[in-house]
Amino acid sequence: MFCKKCGSSVDNDSTYCPYCGEKLKFENDFNTNDNVGGYISILTFLFPIVGIILFFCWKHEKPNSAKKALLGTLIFVVCVVLLTVFSLVCMFI
């Protein structure tokens, strides 16, 4: 196999070029399915601990899916904070 950046010959088992440090692309890298759909955000909104777990499990292998999982959890946290503030304000009015 050859490095696409510097053109050096590298071993087939290498993940990085030993000469220039470029990450080597394999055919499997292009076929990785990183799209789990929009349902992951809804699932992680309903179960925020699942979103946190999925984010840390997927952050390197499936970065787009990890962001969707974290997004659902963050939306849940923002909703809880807003409802808490709103209920406290209504209590003192």
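A residue is called exposed when its relative accessible area is over 50%, buried when it is under 20%, and partly exposed in between. The model is a predicted one, and in it phenylalanine 56, with a relative accessibility of 52%, counts as exposed because that value is over the 50% limit. Phenylalanine 76, at 28% relative accessibility, counts as partly exposed, as does phenylalanine 45 with a relative accessible area of 31%.

Since phenylalanine 45 belongs to helix α2 and phenylalanine 76 to helix α4, the pair ties together parts that are 31 residues apart in sequence. Phenylalanine 55 and phenylalanine 56 form an aromatic pair that is also edge-to-face, at 5.2 Å centre to centre and with 75 degrees between the planes. Another ring, that of tryptophan 58, has the charged end of lysine 62 sitting over it, 5.2 Å from the ring centre.

On the surface there is a nonpolar patch formed by Tyr39, Ile42, Leu43, Phe45, Leu46, Phe47, Leu71 and Ile75, which together have about 820 Å² of accessible area. Helix α2 (39–46) and helix α4 (63–91) each supply at least two residues of this patch, and the largest share, five residues, comes from α2. Isoleucine 75, found in helix α4, is partly exposed, with a relative accessible area of 39%.

Notes: Residues are numbered from 1 along each chain as its sequence is written. This is a predicted model: local features need pLDDT of at least 70, side-chain atom pairs count only at pLDDT 80 or more; totals for chains, interfaces and linings use all residues. Side-chain values use heavy atoms; hydrogens and water are left out. Patches are made of residues with over 30% relative accessible area and no salt bridge: like charges are joined within 9 Å, nonpolar side chains (Val, Leu, Ile, Met, Phe, Trp, Tyr) within 5 Å. Accessible areas come from the Shrake-Rupley method with a 1.4 Å probe; for residues, only the protein chains shown count as cover. A salt bridge is a side-chain nitrogen of Lys or Arg within 4 Å of a carboxyl oxygen of Asp or Glu. Helices (H or I, at least four residues) and strands (E, at least two) are DSSP runs, numbered from the N terminus. Buried means under 20% relative accessible area, exposed over 50%, partly exposed in between (1.4 Å probe, protein chains only). Rings of Phe, Tyr and Trp (its six-membered ring) pair if their centres lie within 6.5 Å; planes under 30 degrees apart count as stacked, over 60 as edge-to-face and the rest as tilted. A charge sits over a ring if NZ of Lys or CZ of Arg is within 6 Å of the ring centre and within 35 degrees of the ring normal.
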